[in-house]
Amino acid sequence: MKNNKIPERKCVACQAHKDKRSLIRVVKNAEGSVFLDATGKANGRGAYICKSGECLDSAQKKRRLEGALKTKIPDDVFSQLEKMISDNNSDNNI
């Protein structure tokens with residue numbers, strides 16, 4: 001039997017290696033726009049962040065996403081991240 005490898009990525013905030021599907025991908029494309037990538041397949045430079053409020057706060061305060069993507073991150077991207085994380089946490093509490 002063949003063992004399939006599970007792709008792992010590192011969170012820019014806590015530096016923990018986790019399953020790619022358990023992280024949120026933020027992408028900067030060739031035009032320079034920054035957005036969340038739900039599919040994980042969008043073209044461009046990507047950075048990953050855990051689905052936790054602590055990692056989001058750390059990434060925002062220490063500008064980890066800006067460093068990884070080499071550009072300024074718009075406030076609406078952070079608000080989308082907050083909404084996605086809060087939705088994820090409310091789904092887990094049910």
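Let's start with the buried residues of α3. They are Val-77, Phe-78, Leu-81 and Ile-85. Look down the axis of α3: these buried residues fall within an arc of 95°, so they line one face of the helix. Keep in mind that this is a predicted model.

What sits on the face turned away from that buried side? Exposed residues do: Asp-75, Lys-83 and Asp-91.

Now the length of α3. The helix covers residues 75-92, which is 18 residues. At 1.5 Å a residue, α3 should span 26 Å. The end C-alpha atoms are 26 Å apart, so the two values agree.

Take α1 next. Leu-56 is in this helix, which runs over residues 53-61. Is Leu-56 buried or exposed? Leu-56 has a relative accessibility of 3%, so it counts as buried. Leave out residues up to four places away in sequence, and Leu-56 touches Ile-49, Phe-78, Leu-81, Glu-82 and Ile-85. One distance for your notes: Leu-56 and Lys-72 are 16 residues apart in sequence. In space, C-alpha to C-alpha, Leu-56 and Lys-72 are 15 Å apart.

On to the core. The largest nonpolar core has 22 residues. Which residues have the most contacts inside it? Val-26, Ile-49, Leu-65, Ile-73, Val-77 and Leu-81. The elements giving two or more residues to this core are β3, β4, β5, α1, α2 and α3.

Set aside its neighbours within four places in sequence. Val-26 is then in contact with Val-34, Phe-35, Leu-36, Arg-45, Gly-46, Ala-47, Leu-65, Leu-69, Val-77 and Leu-81.

Last stop, Arg-25. This residue lies in strand β3, residues 23-28. Arg-25 has a relative accessible area of 10%; the cut-off for buried is under 20%, so Arg-25 is buried. Where do its polar atoms go? The side chain of Arg-25 makes a polar contact with the side chain of Tyr-48, at 3.5 Å. A polar atom of the Arg-25 side chain also lies 3.4 Å from the backbone oxygen of Gly-44. Beyond four places in sequence, the residues that Arg-25 touches include Phe-35, Leu-36, Asp-37, Gly-40 and Lys-41. Ala-42, Arg-45, Gly-46 and Ala-47 are also among them.

Note on methods:
Residues are numbered from 1 along each chain as its sequence is written. This is a predicted model: local features need pLDDT of at least 70, side-chain atom pairs count only at pLDDT 80 or more; totals for chains, interfaces and linings use all residues. Side-chain values use heavy atoms; hydrogens and water are left out. Buried means under 20% relative accessible area, exposed over 50%, partly exposed in between (1.4 Å probe, protein chains only). A polar contact is a pair of N or O atoms within 3.5 Å; within protein, one must be able to donate a hydrogen and the other to accept it, and residues adjacent in sequence count only if both atoms are side-chain atoms. Contact means heavy atoms within 4.5 Å. The expected span of a helix is 1.5 Å times one less than its number of residues. The arc is that of the directions from the helix axis to the C-beta atoms. A nonpolar core is a set of buried Ala, Val, Leu, Ile, Met, Phe, Trp, Tyr and Cys residues joined through side-chain atoms within 4.5 Å.
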